[in-house]
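Let's look at how two parts of one protein chain meet. Have the structure open beside you as you read.

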Amino acid sequence: MPKTITEQNLRLLIDTLVKEGTRVVGPRAAGTMTLYEPLATGEELHLGELPRRSAKEAFFPLCETILTYEKDKEGVKVSDIDPARFPETVLIGARPCDVAAAPVLDAVFSWDFKDEFFLERRRKTTIIGLACTKADDACFCTAVGLSPSDTKGSDLFLTPLKDGGYRCDVVTEKGEALLSAHAGLFADGTGEPLPLAEPTLGKLDLEKIRNWLDSHFEDPLWEEIAQRCAGCGACAFLCPACHCFDIVDEGGEQKGARRKSWDACGFGKFTGHASGHNPRDVQPQRYRNRIMHKFKYYHDKFGQRLCTGCGRCIRACPVGIDIAAVLEEINNK
Amino acid sequence: MTNSAQTIDPALYAAVTDAVRAEARKVLESGAVAAVVGWQAGRRAGTAMPTIVTDPAKAADLIFSPACVNNLALYLTKAKKEVRGKGKIAIVAKGCDLKALVGLMGENQLKREELHIIGVVCAGVQGAAADRSLPLSEATIAGKCRECTVHTPENTDVTVGTLTELPHFTPTESAELARLEAMTPAERWSFWKEHFSRCIRCYACRQVCPFCYCEQCLCDRNRPQAVETTPRPAGNMAWHIVRAMHLAGRCAGCAECERACPMDIPLNLLNRKMARELKELYGHEAGFKPKEKGPLAEYREDDDQSFIK
Ligand code: SF4
Ligand code: SF4
Ligand code: SF4
């Protein structure tokens with residue numbers, strides 16, 4: 001039986017979850033922008049615009065400690081961080097282009113090495129996705145095989161209705177469990193949905209693009225596009241699918257911590273070797289890796305692509321590099 | 001024509017565009033330069049991006065519009081060796097971009113005779129959150145342009161465009177600086193602490209800065225680590241202090257760092273504050289004449305030493 005929930009009850013759901021001790025993460029107004037942040041109350045939910053950074057940080061935080069060390073008379077004591085202590089979380093109001101990246105990332109984080117930091121958070125998170133009714137000229141989810149109503153990765157899925165409130169579709173058992181635990185906040189019915197967002201970029205032939213990439217590791221295109229690249233991490237840090245990280249030890253001789261934080265293949269030192277040699281020594285080679293990883297390597301290995309068309313890298317690039325334009329250009333070759 | 005009083009006429013940019021194309025074509029065809037660094041239109045309406053043109057036929061891709069925000073001096077630094085390696089370069093520069101070129105000359109990073117500077121008369125560029133479909137106005141113009149004194153660049157090889165009367169814009173940057181200076185040190189500390197806590201260490205600010213050309217940034221070092229590289233309060237604060245100090249007296253005020261910052265941290269406000277300090281302490285200002293040594297790279301006996309207690 002299809003369900004609906006009013007705007008008020010959606011906020012009440014957040015209040016209830018918070019009271020029960022669940023961590024609720026959702027779009028929240030943060031100064032000049034919206035960010036996915038822990039919500040203290042339902043009132044804080046701010047669904048008006050796409051958050052500046054993606055929802056990946058619900059599973060893959062900007063920075064986290066993975067162990068700490070301390071030296072005493074007996075020697076060095078190393079303490080692991082126990083992922084079991086991560087809280088049960090509900091990610092609410094996340095856009096399809098953010099949510100769809102979560103199952104894509106599962107592949108790499110559970111491949112040869114099981115990254116318990118990521119996987120434990122994933123296991124403990126229930127995702128309430130939200131259909132998208134507003135696209136801008138950087139959005140292109142429909143061009144990479146998704147859509148503003150794609151439920152990929154969601155456990156429950158909300159669709160905004162014309163008369164206010166949302167239709168709520170159950171996508172997984174996890175979603176079903178959350179819904180039935182709070183059944184009183186939902187009503188039976190469907191309602192008339194608001195029109196969905198309409199990204200303007202036409203469909204891309206991703207298979208064709210992959211084939212082109214396969215045979216054009218060396219191509220003048222890379223320099224043409226990427227000699228302007230400034231080599232910052234804005235694109236990768238904002239991207240829902242980029243997942244490279246660095247591990248550093250910080251602290252002193254007596255005590256300190258080993259930390260994991262976001263990294264970016266655009267950084268000059270990303271592939272720097274201890275010898276001083278750098279296999280990707282100019283920016284076009286780094287940008288090529290960005291495209292290759294997203295549209296070829298990851299697909300070769302895991303059958304999925306590292307781009308959901310959210311457009312964040314396009315909006316954020318300080319030198320105007322537009323990944324959709326790059327894909328379009330390859331598509332038209 | 002009440003409208004023209006409030007918005008900037010797009011025809012101004014169209015005329016500059018034509019002239020830039022003609023000049024670029026000329027210098028490329030004659031072989032006077034190997035490449036022209038300028039801007040070209042982006043896929044999305046009302047956007048632009050830096051471009052490096054070597055083929056005279058491609059000179060027609062060049063544009064000048066309110067979307068031409070980038071300071072192209074970045075592409076002439078040693079961070080962009082591939083570009084410099086091409087030979088003598090022509091660069092399209094707004095008045096505010098010129099200060100960076102001059103600064104780089106002062107630091108022996110560039111030689112005037114190796115450059116062909118195509119100055120563009122500039123009425124302003126758009127602010128970061130501007131609606132790109134509108135002409136420039138009080139609502140859409142960038143902060144730095146509201147207080148611009150260099151609409152017509154000087155000491156170029158050629159300057160294209162003619163300035164018409166511009167609307168009056170309310171200054172915002174100097175108002176913010178005054179607000180900052182009116183704060184107590186404790187208030188200022190918490191103001192910056194709050195802003196820096198949002199930094200994600202993407203280094204967009206560093207990477208677009210024409211003066212951040214160090215081949216080994218201290219803040220990237222890990223053996224030993226000088227500044228914590230993880231985006232946490234301590235490392236963020238250290239990174240921003242290093243950045244502010246290292247750019248003091250060098251920053252050309254183009255505000256590219258602030259524009260590039262995805263977390264909207266008001267970096268140019270800090271730059272401006274530092275510039276003011278340097279002016280007060282050493283009478284130094286980033287200007288249009290190359291100076292060999294900035295105040296923080298030079299010792300003079302008459303330097304203020306009152307801070308030594
Ligand atoms: S590559 Fe760009 S458009 Fe694609 S998912 Fe990442 S940020 Fe979004
Ligand atoms: S500061 Fe002046 S020269 Fe620079 S972009 Fe603004 S109006 Fe143009
Ligand atoms: S651009 Fe902004 S977020 Fe990125 S490192 Fe600089 S201040 Fe931090």
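## What counts as touching

Contact means heavy atoms within 4.5 Å. By that rule, 26 residues of domain 1 of chain B are in contact with 24 residues of domain 2 of chain B.

This is a predicted model, in which local features need pLDDT of at least 70 and side-chain atom pairs count only at pLDDT 80 or more, while totals for chains, interfaces and linings use all residues. Residues are numbered from 1 along each chain as its sequence is written, chains are lettered from A and ligands numbered from 1 in the order in which they are written, and side-chain values use heavy atoms, with hydrogens and water left out.

## The two domains

In chain B, domain 1 covers 3-160 and domain 2 covers 172-297; such bounds come from an automatic or database domain assignment. Taken over C-alpha atoms, the centres of these two domains of chain B are 24 Å apart.

## The buried area

Domain 1 and domain 2 of chain B bury about 2,200 Å² between them, with 59% of it on carbon and sulfur atoms. Buried area is the accessible area (1.4 Å probe) that two parts lose on being put together, summed over both. In domain 1 of chain B, the residues losing the most area to domain 2 are Lys99(B), Glu107(B) and Glu147(B), together 24% of what that side buries.

## Charged partners

How many salt bridges does the rule find across the interface of domain 1 and domain 2 of chain B? There are three, each defined as a side-chain nitrogen of Lys or Arg within 4 Å of a carboxyl oxygen of Asp or Glu. Arg250(B) and Glu107(B) join their side chains in a salt bridge, at 2.8 Å from N to O.
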